[in-house]
Amino acid sequence: MTTTTHAIAVPSPGAPLAPTTIERRDLRPDDVLIDIAFAGICHSDIHQAREDWGEAIFPMVPGHEIAGVVAAVGPEVTKYRVGDRVGVGCMVDSCGECEYCRAGTEQFCVRGNVQTYNGVGFDGEKTYGGYSRQIVVKEAFVCRIPEGIGLDVAAPLLCAGITTYSPLRQWGAGPGKKVAVVGLGGLGHMAVKLAAAMGAEVTVLSQSLKKREDGLRLGATGYYATSDEGTFEALRGRFDLILNTVSAKLPVDAYLGLLRVGGAMVNVGAPGEPLSYNAFSLLGGNRVLAGSMIGGIAETQEMLDFCAEHGIGAEIETISADQVNEAYERVDNSDVRYRFVIDASTIGA
Ligand code: NAP
Ligand code: ZN
């Protein structure tokens, strides 16, 4: 048995999104049924809808920044009750037994984590994401959204929030550290807020100065245009950490030159094309080039609690279901301030 719910789907690679209906499974003992209130639009949704990362599963219902309210729980659910405010991010299952799952880094599950959409569950069923009215998720992959964060501004925390929080923590963003954030989009604006709240000195490196006022309001103290060649000379050797959130290919060597000796450039941006660098850009300064993928469930909860404590939510533009294609185009043109969030009540309405 299943329940039919309204959704928005990409029918085939690169095609516009269109209304549809999908089936959600009946609750298993450890499942939670969530009435989705808001779903964020992540650039990863766009990459996958277009198969930038390789073959994908269609029709695709994107959405891994989900915030809503618990509508029902299975008999073995202990953490959540009907009416609780909850969120779901990029994963809905993992083996739970491997060394990475046991360490709380389910994203690296050796069996492969089950992605919230464009994935296949361990039961063989395809997964469909948050651009829908309801979703059924195993309790262990549901996080609690603390009181004090609106569900709309909380939704983007489930991907953009954790994807930036995790590397900022891992690489020691905090007092006395100079952090540069490359790209002021969905991930970038969260990185600025979070790094500033952690006590780091934050600089934004954006393509232009168009969003400078916003960047400074979000917590940055420096803001530079990467289209200005003087920027790379002026900031040479400046940063302890560079967080690259850009969705396209970047000239990596130019950015590595901005690191102090021993500094790290961490990529969270996931362009379809390969990045390249000159070995001497790393050797000359014991520099590190690293990557980071989302964050585990426990760390996602820690991030949500940190955001509540510091009064942090995403800066959003709320849209209705019929504006999703236009929103995709605007994200593609770096014309988003700073996350589109779909009001799920408009899906199928
Ligand atoms: P977004 O909102 O579109 O932000 C990306 C920003 O990058 C843009 O706002 C723009 O900022 C800058 N940018 C875009 N094209 C550029 C270009 N050609 N050259 C230089 N800068 C450019 O996207 P997002 O949702 O934050 O996602 C960013 C990337 O992270 C995507 O590739 C996404 O798939 C990836 N991602 C990775 C993870 C992970 O686990 N690692 C998780 C989520 C998302 P300015 O206008 O300020 O220059
Ligand atoms: Zn995402």
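Helix α1 gives the largest share of the shell around ligand 1, with 3 residues. Keep in mind as you explore that this is a predicted model. Let's look at who surrounds the ligand, and then visit a pocket.

**The shell around ligand 1**
- There are 30 residues around ligand 1, and those that come nearest are His 43, Leu 187, Ser 206, Lys 211 and Arg 339.
- Sorted by class, the shell holds 14 nonpolar, 14 polar and 2 charged residues.
- Domain 1 (2-159 + 295-346) and domain 2 (161-291) both contribute residues to this shell, so ligand 1 lies between them.

**Polar contacts with ligand 1**
- Leu 187 takes part through its backbone: one of its N or O atoms there is 2.7 Å from an oxygen atom of the ligand.
- Lys 211 uses its side chain instead, with a polar atom 2.7 Å from an oxygen atom of ligand 1.
- In the side chain of Arg 339, an N or O atom lies 2.6 Å from a ligand oxygen atom.
- Taken alone, ligand 1 would expose 910 Å², and the protein buries 89% of that.

- Strands β2 (18-25), β6 (91-93) and β8 (134-138) each supply at least two lining residues.
- By class, the lining splits into 7 nonpolar, 4 polar and 8 charged residues.

Conventions
Residues are numbered from 1 along each chain as its sequence is written. Chains are lettered from A and ligands numbered from 1 in the order in which they are written. This is a predicted model: local features need pLDDT of at least 70, side-chain atom pairs count only at pLDDT 80 or more; totals for chains, interfaces and linings use all residues. Side-chain values use heavy atoms; hydrogens and water are left out. A residue is near a molecule or strand if one of its heavy atoms lies within 4 Å of it. A polar contact is a pair of N or O atoms within 3.5 Å; within protein, one must be able to donate a hydrogen and the other to accept it, and residues adjacent in sequence count only if both atoms are side-chain atoms. Accessible areas come from the Shrake-Rupley method with a 1.4 Å probe; for residues, only the protein chains shown count as cover. Helices (H or I, at least four residues) and strands (E, at least two) are DSSP runs, numbered from the N terminus. Ala, Val, Leu, Ile, Met, Phe, Trp, Tyr, Cys and Pro count as nonpolar, Asp, Glu, Lys and Arg as charged, and the others, Gly among them, as polar. Domain bounds come from an automatic or database domain assignment.
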